[in-house]
Amino acid sequence: MGWWAAATSPDVPDALELTVDETALNAGDRLRGFVKAPFEGRALITVVNERLVDYKLITLEKDGSTFDFKVGADWGPGAYVLATALRPDAGEISRLPVRATGLKWFSVGRAAKVQKLKIDAPEVTLPGRAVDIPVTVEGGKPGEAMKVIVAAVDEGILNITRFKSPNPDTFFYGQRAFAMDLRDVYGRLIRTEEGTRGTLRTGGDNLEEVMVTGMRRAADGEDEANNMFAALSRTSRTVALIRRDIVLDETGSATVSFDLPDFAGKLRLMAVAYGTTMLGVGEANMTVRTPVVAELILPRFLAPGDNAVAMLSVQNLSGSEKALRIALDAKGSAVKLADPDMSAITLAQKERRDIPVVINGMEPGDAALHLALSADGIEEIRREWGITVRAAWPYATKRTQAGIVPGASHTFAATDTSDFYRVTTSGSLTLSTRPNLEANRMMRELNAYAYRCTEQTVSRAFPSLYHDQLSALYGDMPVSKTDAANLIDRAIVTIMDRQKSDGGFGIWSLLGGNSPWLDAYTTDFLLRAAEAGYEVPDAVTSLALNRLRSIVNIRNYQYPHAQAYAFYVLARVGDVSASEVRYFADHALSKVNTPLALAQMAAALHHVGERDAAEKMFIKAYKFSRPKAYYSDYGSSIRDNAAFVSLVAEVMPNSALVADLSDVLERFVSEKSWLSTQEMAWISRAAASFADDSGTNLSASINGDKVSSAKGIWAGTIGKTVPEGELTIANEGAVTLRAVKLLRGVPKAAPEASDNGLKITRHYFDMDGKPVNIAEVKQNDRIVVLLDGKATIPAIRDTLVVDLLPAGLEIETTDVSSLKFLPDLSGTEFEDARDDRYVAALKLGEYRGWRNNQIRLAYIVRAVTVGDYVQPGTFAEDMYQPEYHTQGAVSRVRVVK
């Protein structure tokens, strides 16, 4: 029969030997097996998957016993055989175990339902054209209608992520986790014996197989050499193509066509076929290249003023010597080739030559480099590479304004863009007879914000919920309706990924810390997005509301400002009683220290029907000034004022407070140069609350051309609806006209070094801790960058540090734990190594007895591309008090061979 048994008893006494004749069976076959325990007795043989499907009791002989079952059609894709052996007279003193267990998996119908697919791809094919790839079920007709999905993906990407090709065979028909629990009454069956009491011991290494669960994963060779945290280089061009639902014909064949892009490398072809009951799986490789392979090795980006030495690598694989004619040119104004003329070169078969190409960064923007390569006997080869020229310092905004009384006029000087890179400039003119909160500017700034903690994600998307209202006021917005909808959808997905099991939201990630106030703010956004028709799962909002309920139930009002917001959100959706809101308003008032929290309490009272109490609370909030203390609510006076306007307009739209607060808010907006994401989001929401008002009719002329607006606000874009030259604005209405002209762009001149509340110095070391002169480094040198600074003002809290890289350097890793020469580094809430910058967020300041004003961060870079580059200065700011910031000095870095 083919049975076998070990010559000696098992090392572990409570594991028995269990084998089955065949592990791949079909319905109707006989499942035959053999079991041997360290003792004679009885054995219970059970067949289980997610349920008990069959069982029998057999007698165990000294040398083992056999068993068999008929495989049922309802046994699914497979099942376990579980054997439990019981020794008679369990109470007799013996060193042998009283029961032993074994487990074995077998599949049912797997071989008949899974077909192998043959992918007949060419070994080598040309880029930039279509390729037809036959896919066939091996063995001929599949027996039922089937469709196939084929993907062609860059092997380099797959190797980076260690991606394994899809295998639905394993998913549908592979071994399942053992889903049953094993219980016995072992302790109740042992008779009392003379002697000392023994210790109950459970054992059996093989029982680990029985207790396997879905939370366990096989190690599969994980060791230091397989470290997923190693530095990985991203490829400059990626390919991922897919063709879906291609129907196989009666012979089990289909032809899949791919339009290959301009790409050189290896593609992995992965095919999955499926039918009603059958599957097919196949894999193949295909190399995409031209007879002469040309690759331009570029830095990941450039900055204006950079001079990079890229490398054009050319290899002849045509089969014979070739005299090559090469032409390389740049499209667009962002870059310029220092010497675009290429001499003809001759390459022998398999010979490779590297040709240096000097590329100058001219102005911010995207550029394309086009290569044309020709030789006798081969088709002309054309390749294209893209590169971005990134500004080495931030955008700047020039703002001029004027008040024009009825019958008067004001002249703005012609728009001068000479101080800016012209391709980055944008300008607008806004006329208003009502408070102008410049929501169009706020949305533009929010959309350009580069960082994405949960607060920033929500604040970027929140104004987009009011796109229609803001468009009614300002006309064309800097973000289209479609882009606004996409922004909201992406924000929802990001937020969902960060939701914790208690319903709260991680500040930077799921595993990061969270904030009760931010939980309320995020839930407020999700509920309003759902009300606006966006797809927000009920489970997400339900869990978030549960989190708010737990916040409002925190005793002693430890988080009064977060609790006020949570009560407001719950009251707005009718999920809290009036008595609960009244009780909080009566007992927590002494702990509430911000106008926003008072206004949220007032709005909550209004939503539960306490109108008189709400009005009194709004008046109290109106008279309240925000103290300088820190309340973990991302707040400021201007944020509180903007939110106040939104809340009053929501529940008491006819209140005189709206007009008074709007005037104050407009003054804040016109006077403050630095605004946080919180401030800009709430200012936009405040502006949207005016959309339903008719306002004061605006009537004016621009250089004699009449403009008007019944809403009281008119906005135009300079260079489109507004001339770029001198502008004379005449007020032809009956009330004072406010005129605001904005010009935004990247300055050509580097910003001066400045410190306001923060100081940071950048230091460079080699890997042994010796100082490095960064003005000139050698290609392939590894350099440790240490950012050492501090906050000089105690009020600074939520600090963001951004260290822009020179283009010739690339971040290798942020893991510097092995470098003992570095000082103790600051703990970060978030850290990111991007193509062009290092970013970190950390908490500073003093809060509940904890004090930290020191900034120490480090990362490792490698000098990659030879050239002469702009070294931007390190920038840091308090994200919610951005007037506190530091801008480092700009210098230059040379990378030499």
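The largest pocket has a volume of about 1600 Å³. A pocket here is an open set of points on a 1 Å grid over the protein atoms alone, where a 1.4 Å probe fits, with protein on both sides within 12 Å along at least five of seven lines. Volume is the space filled by probe spheres set on the points, which are joined across faces, edges and corners.

The model is predicted: local features need pLDDT of at least 70, side-chain atom pairs count only at pLDDT 80 or more, and totals for chains, interfaces and linings use all residues. Residues are numbered from 1 along each chain as its sequence is written, and side-chain values use heavy atoms, without hydrogens and water.

The pocket lining has 48 residues, each with an atom within 4 Å of a point. Pro394, Tyr395, Ala396, Glu445 and Trp674 lie nearest the pocket centre. By class, 27 lining residues are nonpolar, 11 polar and 10 charged. Nonpolar means Ala, Val, Leu, Ile, Met, Phe, Trp, Tyr, Cys and Pro; charged means Asp, Glu, Lys and Arg; the others, Gly among them, are polar.

Elements that each supply at least two lining residues include β37, β45 and β46. These strands also belong to an open sheet of 6 strands with antiparallel pairing, ordered β33-β46-β45-β37-β40-β39. Its edge strands are β33 and β39. Strands are DSSP runs (E, at least two residues), numbered from the N terminus; two strands pair if DSSP finds at least two bridges between them.

The β28 and β29 pair sits in an open sheet of 4 strands, ordered β26-β31-β28-β29. Its edge strands are β26 (409–412) and β29 (705–709).
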